[in-house]
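Open the structure in your viewer and keep the selection panel at hand. This tour goes step by step, telling you what to select and what is there.

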Amino acid sequence: MLSFPTPSVYQSSKCFVTYGVMGHLDPNQPPTKSKPWSTVAGQDFINRVELIIPQDAFEVVRKILNEKAAPEFQRVVMSLHDVLSGDFFTECIKKGNVMMLSEGRKGIDNVFTFRNGILTMLLDKEAYERAGLVGKPDGVKGKRGLKPRWVVEIDLTSSSMVPGKKGFDRLIYASKNAFNTPVTWLFCNLSSTIPNPDPLAPHSPTRCAAEPSVLENLDAMLPTLKPPVDAIGPEGREELQYFSTELYEWLSLVRLQSPRIQVGDQVDPYLCRYQVPGDGQQGKICKLTWQGFLAPSWCREILLSLVAELPSKTWFSFSTTTFSKGMAGDNSEISLFRAQGAPGEYLMWEIKSHE
Amino acid sequence: MSTEMDIDPPTTTTITTTTKPTKSSKSQTLTQTTIRSPVFSYAHLSLVSPFLSSSSQNTPSLDTLTARHYLTTALRQFLGDTGASLAIDMLLVKGTECWVRVPREDLAAFAAAVTAYPGQNVGGEEQMLMRVVGCGDWLGALVGREGEGRVW
């Protein structure tokens, strides 16, 4: 085929596949440092979570979800200066455990994030120069046609980040002179306590609860739900790649709600030659989707509950997608699939976009 | 970009072995692999019309055959017979949007053809154009991006 330039909206990415076994779960000491738990919790801001289960597992899932409140987040309009001052700064930033994301397309607009105590400012050249803060170049060097951008990272929990100290005062100065326009933020409180009075209240936040949307009783053509035995070992690499790519595609088609995986789909091969891999098994499945400003720690909690409470032979798939990172809307995703009838065995796909 | 971190080496080991995994209380990684060039790529397309009024009464809703026809026309116009014979799998057609699968090496040409397509006359005046909303090698990540704007 003739060669063409890569489309500008092309999300170029590679997929890192792990085939592993989850260890025994001790409910008193839930795992945090091992895969896949650390991978799921290590993401930044989650926009979308999707769970696919066999229909007969729905009751257990419903019970799990009823025991927890739907994840909450808030939408609020504040200037960067508001974030850095008063009770909000003291209670939420310094003492609290919150995450925040400001509106804007990364790579085009000036965007701020706050996570794990670090304020990150993604700025264009003019804003960076006006701010007068110390930062690093952001993005791939030499990207043709794109203006250079800058990233500034500041640990706001540091003891040097208080009014009166030079570094902090410089930041306050920048927030007043370069970033005094209020912007929309998404805010999520990761701790179980809210300071009283709520320092967010004067900014009239909109509270949102991410309730899942549920699609039940989908009659689906099922793929093989367990990796092939010879996928392990150096000779099994191709086998694993093939199997995991096909399974990931099937799970994606379920998430897309494509008719191609549904029982009875009789599309003309001229229009589509997709075939569900496997031996023609059918089954009823259920899909739950959450969308919002979700914490990776919540994702890990849900995953832990699923693994602990669903019967060990039940398969399921759990995928978490982050907010877009760049101009092409690059986002990253972790999908996990627990195999059927093979206790603890899982496949995990980590899709990260090339920067 | 980021590298995979083994934070807790004693309990996460990489084993390449041909034995079946045995019951163990520890987490284990049996094998890992990186997929850089999968066989297929995916595209999310949207049918738009710059002349459409907000009442949208004239927006055609696509069916699979019509959508495929627009794509064939666009590809033939841009790439001749080679383009027209490009393998496209229609995964979903809904409202004015469609999702397709193409061989990975053909994605760039496909997207260029769709973008270059000057439009299709529908019912007289209006010009229907197809726009690539997004494309990539991993369908789930494309699907996962949907609706992000709604949160704001």
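Predicted model: local features only at pLDDT ≥ 70, side-chain atom pairs only at ≥ 80, totals over all residues.

**Stop 1**

Colour chain A and chain B separately. Now select the residues where they touch. On one side, 78 residues of chain A are in contact; on the other, 71 residues of chain B. How much area is buried between chain A and chain B? About 6300 Å², and carbon and sulfur atoms give 61% of this area.

**Stop 2: the salt bridge**

Select Glu249(A) and Arg101(B), and show their side chains. They meet in a salt bridge, 2.7 Å from N to O. The count of salt bridges between chain A and chain B is one.

**Stop 3: the chain A side**

Which helix of chain A gives the most to the side that touches chain B? Select residues 237-256 of chain A. This is helix α7, and it gives eleven residues. Then colour the whole chain A side of the interface by residue type. It divides into 35 nonpolar, 26 polar and 17 charged residues.

**Stop 4: strands across the chains**

For one bridge, pick Tyr19(A): its partner in β1(B) is Thr31(B).

**Stop 5: the whole sheet**

Follow the order β12(A)-β13(A)-β3(A)-β14(A)-β15(A)-β16(A)-β2(A)-β1(B); the pairing is antiparallel. Where does the sheet end? The edge strands are β12 (213-221) of chain A and β1 of chain B, each pairing on one side only. Neighbouring strands are turned by 15 degrees against each other on average, direction ignored.

Seven bridges join β12(A) to β13(A), residues 282-294, and the two run antiparallel. Pick Met221(A) to see its bridge partner in β13(A), Gln282(A).

**Stop 6: helices across the strands**

Select residues 58-66 of chain A. This helix, α2, lies across β3 (46-54), β12 and β13 of chain A, and runs at about 20 degrees to β13(A).

Last, select residues 296-309 of chain A, helix α8. Helix α8 lies across β3, β13, β14 (316-322) and β15 (333-338) of chain A. Its angle to β14(A) is about 180 degrees.

Definitions and conventions. Residues numbered from 1 in each chain as written. Chains lettered and ligands numbered in written order. Heavy atoms only, no water. Contact = heavy atoms within 4.5 Å. Buried area = accessible area lost by both parts, 1.4 Å probe. Salt bridge = Lys/Arg side-chain N within 4 Å of Asp/Glu carboxyl O. Helix = DSSP H or I, 4+ residues; strand = E, 2+ residues; numbered from the N terminus. Nonpolar A, V, L, I, M, F, W, Y, C, P; charged D, E, K, R; others polar. Pairing = 2+ DSSP bridges. Axes fitted to C-alpha atoms, helices over the stretch in contact; angles between N-to-C directions.
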